[in-house]
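Visitor: I would like to learn how to read the pockets, charge pairs and backbone angles of a model, taking one feature at a time.

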Amino acid sequence: MTTDPVTTLNDLRRSIDNIDAALVHILAERFRCTQAVGKLKAAYDMPPADHDREKRQVERLRRLAEDADLDSDFAEAFLNFIIKEVIRHHEAIRHETVNK
């Protein structure tokens, strides 16, 4: 029995759409957590960036990517993008806290 390629394509696209939705919700939750970290850092005059933690996170994500058969360079680039955004948010929170 042969499956219609259009049906297969539509099924795959529905799966991709569901995964994209899950990724957005997971990222939103991650950023809620990092916002709380940013507020804590600002309240206790801690620096917005933690380069040692970032390095450990990149190494950890690369290992996870390799275990999941995902390109570890892609995973690192993705995490670096997120880290830049988090630091930008932490700097903004610090700026807001200082200027109150």
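Guide: What follows is a conversation about those features, each with its general idea and then its case here. This is a predicted model, in which local features need pLDDT of at least 70 and side-chain atom pairs count only at pLDDT 80 or more, while totals for chains, interfaces and linings use all residues. Residues are numbered from 1 along each chain as its sequence is written, and side-chain values use heavy atoms, with hydrogens and water left out.

Visitor: Which residues line the second largest pocket?

Guide: The second largest pocket, with about 230 Å³ of space, is lined by L23, I26, L27, R30, Q57, R60, L61, L64, F78, L79 and I82. Helices α1, α2 and α3 each give two or more residues to that lining, which by class has eight nonpolar, one polar and two charged residues.

Visitor: How many salt bridges are there, and where does the one between D11 and R14 lie?

Guide: Side chains of opposite charge can pair when their charged atoms come close. The rule applied here asks for a side-chain nitrogen of Lys or Arg within 4 Å of a carboxyl oxygen of Asp or Glu, and by it the count comes to six salt bridges. In one of them the side chains of D11 and R14 meet at 2.3 Å, N to O; because these residues are three apart in helix α1, about one helical turn separates them. D11 is partly exposed at a relative accessible area of 37%, and R14 is also partly exposed, at 48%, given that buried means under 20% relative accessible area, exposed over 50%, and partly exposed in between (1.4 Å probe, protein chains only).

Visitor: Which parts does the salt bridge between D73 and R62 tie together?

Guide: The closest N and O atoms of D73 and R62 are 3.1 Å apart. Since D73 lies in helix α3 and R62 in helix α2, the pair ties together parts that are 11 residues apart in sequence. Within helix α3, E85 and R88 are three residues apart, about one turn, and their side chains meet in a salt bridge at 2.8 Å, N to O. Salt bridges that share partners also join R62, D73 and E76 into one network.

Visitor: Is E54 buried or exposed, and which side chain of opposite charge is nearest?

Guide: E54, found in helix α2, is buried yet has no salt bridge, and the nearest side chain of opposite charge, K41, is 6.3 Å away; Lys and Arg count as positive and Asp and Glu as negative, while His and the chain ends are not counted. Leaving aside residues up to four places away in sequence, E54 touches A49, I83 and I87, a contact being heavy atoms within 4.5 Å.

Visitor: What is the phi of D45, and what is that of D69?

Guide: Phi of D45 is near 50°, a positive value in a residue other than glycine, and phi of D69 is near 60°, likewise positive. D45 is found in the loop between α1 and α2, whereas D69 lies in the loop between α2 and α3. D45 counts as exposed at 60% relative accessibility, and D69 counts as exposed at 74%.

Terms used. 1 Å grid on protein atoms, 1.4 Å probe; cavity = no way out; pocket = protein on both sides within 12 Å on 5 of 7 lines; lining within 4 Å. Points joined across faces, edges and corners; volume = space filled by probe spheres on them. Helix = DSSP H or I, 4+ residues; strand = E, 2+ residues; numbered from the N terminus. Nonpolar A, V, L, I, M, F, W, Y, C, P; charged D, E, K, R; others polar.
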